[in-house]
Amino acid sequence: FAPPAPCASPQDLASGVALAHVLHSIDASWFNETWLGRIRDDTEDNWRLKASNLRKVLQSVLEYWEEVSVGAHGGPRCPG
């Protein structure tokens, strides 16, 4: 994956930007450009913007899990 900036520490993940770009790389049809555009990359030291980004990422991952993983198969896939 190629996030917009290198991730050298856990703090680099705190804004949600790198996570959003990884999700976009995994499934660009679900985590599309419009969705990616809602993730603010100018968070700097603003914890509210970081929290908002992380909330959007979490909500989208939960929706993805519900629609794509669970919905498509009638339940979670179990390794067999």
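Which side chains meet in a salt bridge, and at what N to O distance? I looked this up before anything else.

**Entry: basis of the model.** I note that this is a predicted model, in which local features need pLDDT of at least 70 and side-chain atom pairs count only at pLDDT 80 or more, while totals for chains, interfaces and linings use all residues. Residues are numbered from 1 along each chain as its sequence is written, and side-chain values use heavy atoms, with hydrogens and water left out.

**Entry: salt bridge.** I found that Asp42 and Arg40 meet through their side chains in a salt bridge, at 3.0 Å from N to O. The term stands for a side-chain nitrogen of Lys or Arg within 4 Å of a carboxyl oxygen of Asp or Glu. The structure holds 1 such bridge. Side chains of opposite charge can pair when their charged atoms come close. I then checked accessibility, for which buried means under 20% relative accessible area, exposed over 50%, and partly exposed in between (1.4 Å probe, protein chains only). Asp42 is partly exposed at 40%, and Arg40 is partly exposed at 38%.

**Entry: overall fold.** I counted 3 helices and 0 strands, in the pattern α-α-α along the sequence. Helices (H or I, at least four residues) and strands (E, at least two) are DSSP runs, numbered from the N terminus. The protein has 80 residues, of which 26% count as buried. Taking contact as heavy atoms within 4.5 Å, I recorded that residues 24 or more positions apart account for 42% of the contacts with a separation of 6 or more.

**Entry: nonpolar core.** I define a nonpolar core as a set of buried Ala, Val, Leu, Ile, Met, Phe, Trp, Tyr and Cys residues joined through side-chain atoms within 4.5 Å. The largest one has 9 residues: Val17, Ala20, Leu23, Phe31, Trp35, Leu36, Ile39, Val57 and Tyr64. Helices H1 (17-26), H2 (33-37) and H3 (47-73) each supply at least two residues of this core. H1 gives the largest share, 3 residues. Setting aside residues up to four places away in sequence, I saw that Trp35 touches Ala20, Leu23, Lys56, Val57 and Ser60.

**Entry: His24.** Is His24 buried or exposed? His24, in helix H1, counts as buried at 16% relative accessibility. Beyond its neighbours within four places in sequence, His24 is in contact with Phe31, Asn32, Glu33 and Leu36.

**Entry: loop between H2 and H3.** I examined two residues here. Arg38 lies in this loop and is partly exposed, with a relative accessible area of 47%. Apart from neighbours within four places in sequence, Arg38 is in contact with Asn53 and Lys56. The C-alpha atoms of Arg38 and Asn53 are separated by 8.1 Å, with the two residues 15 apart along the chain. Glu44 also has its place in the loop between H2 and H3, and is exposed at 66%. Its phi is near 45°, a positive value in a residue other than glycine. Most residues other than glycine have a negative phi.
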